[in-house]
Amino acid sequence: MRLVAMTALVMVAFAANSVLNRAAVGGAQIGALDFALVRAVAGAAVLVLLIRLRHARLPLMEPRRMLGGLMLTTYLIGFSVAYLAMDAGLGALILFGGVQVTMFAGALVTGERPPARRWIGAGLALSGLAWLVWPGGAVAAPLWSVAAMALAAVGWGVYSLIGRGSADPLGDTAAAFVWATVAGFVAVVIQTGGSTVNTASLPGLALAVTSGAVTSGLGYALWYGVLPRIGASVAGLVQLSVPVIAALGGVVFLAEAPSLRMLGAAALVLGGIAWGLWPQRTRGSSAS
């Protein structure tokens, strides 16, 4: 039950990131790369502070942590750029659909064999995603923003797969955020020619700091604590609940209009998740 509660809390944090990013970047309160940089800095600051309070060391040059930082950077930048022209619910649907594909592939590569029920559930959930984002539908986005979110999905999927072997969730997450801060700073300097965060409003900065310090930094550390206890295919599947939470958040907090298409797709996604996670009993035992 404690694992379920922790996983649910992480999913809410992930959805909150979508809403905060859309409010800040989509609302022209801050630039996309600026948001990613401030988010990384805030997350790194909070996590490093927690490490220091534990009087622990924070090795940064371990290859696994450097790769985690690269993947986190890929996710953060792609995520922010995509939300320049994408609403919160649609962005989360594309993101976590891509994450699911990445993590199912990772599960197969590492020898995990998801049961047939999970494959069927994944197929149902992905069909819901396809229904929502099919070109020409009531809900659509420019190709470049879809591509940016797909890149973010691969980055996050690989970052999550790395987290399955984490023995120090707080330290691994802190190191990833430190590396993401360095990479994000370089990206912003390249884009702006030397100036950084020069178009950000105070509300935009506040949203970015909240996303980085709370729903990203602490949320991702909790996620790295959960990942070693669940399979890669389960981790990919449960994250598909995030688009539904994010879509609801977009309607409640950002005044985004729900459509029948979005509601129908959300129902199909949730139904697929429920089917994929429902224990399948075989000869008196349930499939994992």
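**Overview. The protein has eleven helices and two strands.** Helices (DSSP runs of H or I, at least four residues) and strands (runs of E, at least two) are numbered from the N terminus. Read along the sequence, the order is α-α-α-α-α-α-α-α-α-α-α-β-β. Of the 288 residues, 49% count as buried, where buried means under 20% relative accessible area, exposed over 50%, and partly exposed in between (1.4 Å probe, protein chains only). Among contacts (heavy atoms within 4.5 Å) with a separation of 6 or more, 88% are between residues 24 or more positions apart. Residues are numbered from 1 along each chain as its sequence is written, and side-chain values use heavy atoms, with hydrogens and water left out. In this predicted model, local features need pLDDT of at least 70 and side-chain atom pairs count only at pLDDT 80 or more, while totals for chains, interfaces and linings use all residues.

**View 1. Helix α2 (residues 32-53) packs with helix α8 (residues 202-226).** The two axes are 7 Å apart, at an angle of about 50°. Axes are lines fitted to C-alpha atoms, for helices over the stretch in contact, and angles run from 0 to 180 degrees between N-to-C directions. The angle makes α2 oblique to α8; under 35 degrees counts as roughly parallel, over 145 as roughly antiparallel, 65 to 115 as roughly perpendicular, and the rest as oblique. On the α2 side, the contact includes F35, V38 and L47, and on the α8 side, L205, G217 and Y220 are among the residues involved. By class, the contact of α2 with α8 has 14 nonpolar, five polar and one charged residues. Ala, Val, Leu, Ile, Met, Phe, Trp, Tyr, Cys and Pro count as nonpolar, Asp, Glu, Lys and Arg as charged, and the others, Gly among them, as polar.

**View 2. Helix α2 also packs with helix α3 (residues 63-82).** Here the angle is about 140° and the axes lie 8 Å apart. The two helices are therefore oblique to each other, and α2 passes α3 in a right-handed crossing. A32, L33, F35, A36, R39 and A40 of α2 meet Y75, L76, I77, F79, S80 and V81 of α3. These residues divide into ten nonpolar, one polar and one charged.

**View 3. T173 lies in helix α7.** T173 counts as buried because its relative accessibility is 0%. Leaving aside neighbours within four places in sequence, T173 is in contact with L47, Y159, G217, Y220, A221 and Y224.

**View 4. S166 sits in the loop between α6 (143-163) and α7 (169-192).** With 9% relative accessibility, S166 counts as buried. The side chains of S166 and D172 are joined by a polar contact of 2.7 Å. A polar contact is a pair of N or O atoms within 3.5 Å; within protein, one must be able to donate a hydrogen and the other to accept it, and residues adjacent in sequence count only if both atoms are side-chain atoms. Not counting residues up to four places away in sequence, S166 touches R64, D172, Y224 and P228.

**View 5. W131 is part of helix α5 (residues 116-133).** W131 counts as partly exposed, at 39% relative accessibility. W131 and M262 are 131 residues apart in sequence, and their C-alpha atoms are 8.7 Å apart in space. Beyond residues up to four places away in sequence, W131 touches R261, G264 and A265.

Definitions and conventions
A crossing is left-handed if the near helix is turned anticlockwise from the far one by less than a right angle, and right-handed if clockwise.
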